[in-house]
Amino acid sequence: PSVGGKPPGAQALIQLTDLGILWKKTGNAIRTFVFSNTTAAPVAGADSRLLDADFKPLAASPTDADGNAQLDYTKVPAWLLVTSGEDACVLRMGPSAEALRAGDW
């Protein structure tokens, strides 16, 4: 079936990464725990970054020895990017791009 007279389309983003990320919003901060999906061990020294909707950096922090980082921000984040060596994982923050732009997060 069509939607609005146009055929439906689909898009998917598939990430192949060993980095697992748990995150929690607390006030104006994102707290993360980064771990290896292979070993379940915390990943120390991973570069954690919050980016806005235009991919500009808002906050950055390396993970500590226990895989934890806290990213304090003043503008609503749109993305969480974590890298370790050549591995990377990116997560969309907030409920939707429209809500992020409207400040409803």
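The model is predicted: local features require pLDDT of at least 70, side-chain atom pairs count only at pLDDT 80 or more, and totals for chains, interfaces and linings use all residues. Residues are numbered from 1 along each chain as its sequence is written, and side-chain values use heavy atoms, with hydrogens and water left out.

From the N terminus, the order is β-β-β-β-β-β-β-α. The chain has 105 residues, and 30% of them count as buried. Buried means under 20% relative accessible area, exposed means over 50%, and partly exposed lies in between (1.4 Å probe, protein chains only). The accessible surface of the chain is about 6700 Å². Carbon and sulfur atoms hold 54% of that surface. Areas come from the Shrake-Rupley method with a 1.4 Å probe; for residues, only the protein chains shown count as cover. Contacts are heavy atoms within 4.5 Å. Among contacts with a separation of 6 or more, 44% link residues 24 or more positions apart.

In soluble globular proteins, nonpolar side chains tend to be buried together. Here the largest nonpolar core has 14 residues. Such a core is a set of buried Ala, Val, Leu, Ile, Met, Phe, Trp, Tyr and Cys residues joined through side-chain atoms within 4.5 Å. L19, I21, V34, L50, L80 and V82 have the most contacts inside the core. Strands β1 (19–26), β2 (29–36) and β6 (79–84) each supply at least two core residues. Residues up to four places away in sequence aside, L19 touches V34, F35, N37, V43, V82, T83, S84, D87, A88 and C89.

Strands of a sheet pair through backbone hydrogen bonds, either parallel or antiparallel. Two strands count as paired if DSSP finds at least two bridges between them. An open sheet of four strands has the order β4-β3-β6-β7, and its pairing is antiparallel. Its edge strands are β4 (57–62) and β7 (87–92), each pairing on one side only. The twist averages 15° from one strand to the next. For this angle, axes are lines fitted to C-alpha atoms, and angles run from 0 to 180 degrees between N-to-C directions.

Within this sheet, five bridges join β3 (residues 47–51) to β6. R49 has L81 as its bridge partner in β6, while D47 has T83. β6 and β7 are antiparallel and share six bridges. L81 also stands opposite V90 in β7. The β6–β7 hairpin has two residues between its strands, and G85 in the turn has a positive phi of about 60°.

β1 and β2 also run antiparallel, joined by eight bridges. L22 has F33 as its bridge partner in β2. Two residues lie between the strands of this hairpin, where G27 takes a positive phi near 60°.

Most residues other than glycine have a negative phi. Two loop residues have positive values. Phi of A40 is near 70°. A40 lies in the loop between β2 and β3 and is exposed, at 57% relative accessibility. Phi of F55 is near 65°. F55 sits in the loop between β3 and β4. F55 is exposed as well, with a relative accessible area of 53%.
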